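The entries below follow the order in which I looked.

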Amino acid sequence: MTDTEAERQRIRAAHLRAAAERPASTARGLHHSALISSDVERTVRFYQDLLGFPLTELIENRDYAGSSHFFFDIGNGNLLAFFDFPGLDVGPYAEVLGGLHHVAISVEPDRWHELVARLDAAGVEHVVHSEVSVYFRDPDGARLELIADPLGEMYGSKVL
């Protein structure tokens, strides 16, 4: 066993509890995750027109005058939100410690196949993994995963 595997086992033994022994979460669910968009309309075309996530609202960002805050329905009462920051140079997308690695969104298996075909047709570079996950980047470089596994499962294993 490697040191990394041993450390993972130690953490699991110290902190992971069987489902019957776990307390209920204090959270109700993920209200929204917010990403940054460099172009509102391009983002809407990508998420709504290509991926099929309906735009639900487009309002001014209360924290930055002239900025938009907009939301997409990703199912199950969950939202994916965006801000744009016109005039503010936020730089290119970067994966950093404490930052976003990817957003994984569950879709029905039939829809998954349709969405992979849409990515192909649109020329969006992507990688299929385990025949249930597809990874790709949005127009601003954020990494996304569409996964055909049900919520609470990953590659056939229960994670919730």
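I take strands as DSSP runs of E of at least two residues, numbered from the N terminus. The model I am reading is a predicted one.

**Entry: the residue.** I looked up His69 and found that it lies in strand β3, which spans residues 68–73. Is His69 buried or exposed? With the cut-off for buried set at under 20% relative accessible area, His69 counts as buried because its relative accessibility is 10%. Leaving aside residues up to four places away in sequence, I listed what His69 touches: His32, Glu57, Leu58, Ile59, Glu60, Asn61, Ala81, Phe82 and Phe83.

**Entry: the sheet.** I next traced the strand order, which reads β1-β4-β3-β2 in an open sheet of four strands with mixed pairing. Since β1 (32–37) and β2 (55–60) stand at the edges and have a single partner strand each, one side of each is left without a neighbour in the sheet. From one strand to the next, I recorded a twist that averages 20°.

**Entry: pairing and packing.** I followed β3 to β2 and found the two paired in the antiparallel sense over five bridges, and within β3 I noted Phe70 as the bridge partner of Leu58. Finally I looked at helix α2 (residues 40–50), which packs on the sheet and touches β1, β2, β3 and β4 (79–84), while its direction makes about 5° with that of β3.

Technical notes. Residues are numbered from 1 along each chain as its sequence is written. This is a predicted model: local features need pLDDT of at least 70, side-chain atom pairs count only at pLDDT 80 or more; totals for chains, interfaces and linings use all residues. Side-chain values use heavy atoms; hydrogens and water are left out. Buried means under 20% relative accessible area, exposed over 50%, partly exposed in between (1.4 Å probe, protein chains only). Contact means heavy atoms within 4.5 Å. Two strands pair if DSSP finds at least two bridges between them. Axes are lines fitted to C-alpha atoms, for helices over the stretch in contact, and angles run from 0 to 180 degrees between N-to-C directions.
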